[in-house]
Amino acid sequence: MSIVAIVGRPNVGKSTLFNRLVGMRKAIVNDMAGTTRDRHYGKTDWNGREFSVIDTGGYVVNSDDIFEEEIRKQVALAIDEADLILFMVEVSTGITDVDMEIADILRRTTKKVITVVNKVDNNDQLYMSGEFYGFGLGDPISISSMTGSGTGDLMDKILEYLPEKEVELVEDDLPRITVVGRPNVGKSSLTNALLGDERNIVTPIAGTTRDSIATRYNKFGMDFYLVDTAGLRKKGKVTEDLEFYSVMRSIRAIENSDICVLMLDATQGIEGQDMNIFQLIVRNKKGCVIVVNKWDLIEKQNNTMRDYIEILKKKLAPFNDVPIIFTSVINKQRIFDVLKNAIRVYENRKRKLTTSALNEFFLPIIEETPPPSIKGKYIKIKYITQLASPTPAFAFFANLPQYIKDPYRRFLENKLRSNWDFEGVPILIYFRQK
C-alpha cells in the first residue's frame, strides 16, 4: 500500500489536513487506549483507491518550538519511507526560512512532491498563493484544511502521482511472517538464526519495496515467507532514537504481512515505542506473536516468567490473548517455538466457524446474560454469523444494535476466545439491525 507523508514546519495545519483526509473514511481505526500517537497514522481511500497517510509533525515532542534539525530529520525520513510527500505551507506567513530549507531538501529528491498551500479562504489569499511557485516544486495546490475547500482537488492530484497498481511482492498465498520491533532488540539475529546456516534451502524473492526482503522458508513441514525488515537501512541517514522513526519504519512492513513477530528486549520490558508498534499490528488486524529476547540476561527466581507475562498482559489489554515466547536468540534458545506459534496464529486467523456452531454456542449464553436494557428497552440478539473477511469478524444481529456498549462486546469476545482458539488474532464484532 502506498504511503503519503505530510511534512512542513509547525502550525501550518498538518494535523488538521491529516484528520480531514483520514476522516473521509469513517471506518478508520478506532482510537485505542494507551497510545497517544495513534492519531497520526491512518488509511484513507478516494475513488476506490486506498493509501496510508502519516502526519510527521505528530510524532515530535513539544512541536511548537521544534528545532530545525528535527524538521530536517523528519523530511529526510519522509523522503526515505513515503511514496509521495505533501509539503505544507501557510498562505498568510508567506515563505519562511524554514520553508525554504525544507524546499531545498525536497528539490533534491526523486520522489513526487506536492506543495500544499493551507488556510486559503478567499480570492485575495488565492492570489497570494502564487508566491509559492518560488519553491520550484511544480504547481502549488491551495486548500483550507479547516473548511475542506480544495481537498478534493488535492486527493485527485495524489492519486495521479501514486502508482496505479500495487505490485504484489509475492504471488502465491503462503503466509508472510514479518519480524518487527525497535532497533537493537535482536530482529536480524533472529532472522539469521532461522535462515543463516540454511541459505541453500531458501529462495530470496526480489521484493518491490525497498525496505524488506522476503525469504522463503521451506523445511520441517513449514512453508512461508520470512520478511526481514531489520538492518537494510543505512543507520547514518536518520537518528534512530525517536519513536517516530521506528513506527514509520514498521508501517509498510506490518501492512504487507499476515503475522507479525514483535520482538522485545527482556532487560527493558515493554516501552512506549513497543506499544506503538503493537497498536499498529492490532489496527491493521494482523496476527501477533510476542518474543521476549535476551531472556538469558535476566536474574531468575521461582515465578520470574509468570510475573513477567502478567505485567505484559496488563499493558497489552484489552487485546492480550497473544502468545508470548521467551528466547535467547544468541543461544538459539526456543527460536523454533517462535515459528511454530506464528504458523498456529496464521491458522487461527484463517479460522472459519459455521453459523450453526456460532448460534448453538452463543444463543443460550446471550439468553442467560443479555445486554443490559436501556431506557426500559430490552435488547434481543437473534442471530450470529461470521463475515467473509481476511481476519475473523462476526455480526450479531439485534433489534437495537445502537444500544449495545463496549463492555458487552468484550464479554462476547471473551466467550468466543474461550471456546475457539483465536490466540494472537484481533477479532472484530459488529452489531447489526436484524
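Reader: What lies over the face of Tyr 161?

Author: Lys 112 does, at 5.8 Å from the ring centre. The cut-offs for a charge over a ring are NZ of Lys or CZ of Arg within 6 Å of the ring centre and within 35 degrees of the ring normal. The charged end of Arg 432 also sits over a ring, that of Tyr 430, at 5.5 Å from its centre. A note on the source: this is a predicted model, where local features need pLDDT of at least 70, side-chain atom pairs count only at pLDDT 80 or more, and totals for chains, interfaces and linings use all residues. Residues are numbered from 1 along each chain as its sequence is written, and side-chain values use heavy atoms, without hydrogens or water.

Reader: Why is the pair of Tyr 217 and Phe 224 called stacked?

Author: Phe, Tyr and Trp rings (for Trp, the six-membered ring) pair if their centres lie within 6.5 Å; planes under 30 degrees apart are stacked, over 60 edge-to-face, the rest tilted. Here the centres are 4.9 Å apart and the planes at 15°, so the pair is stacked.

Reader: What makes Tyr 408 and Phe 411 a tilted pair?

Author: Their centres are 5.3 Å apart, with 40° between the planes. They sit three residues apart in helix α12 (residues 406–419).

Reader: How do you know whether Tyr 408 is buried or exposed?

Author: Buried means under 20% relative accessible area, exposed over 50%, partly exposed in between (1.4 Å probe, protein chains only). Tyr 408 has 7%, so Tyr 408 counts as buried. Phe 411 has 22%, so Phe 411 is partly exposed.

Definitions and conventions
Helices (H or I, at least four residues) and strands (E, at least two) are DSSP runs, numbered from the N terminus.
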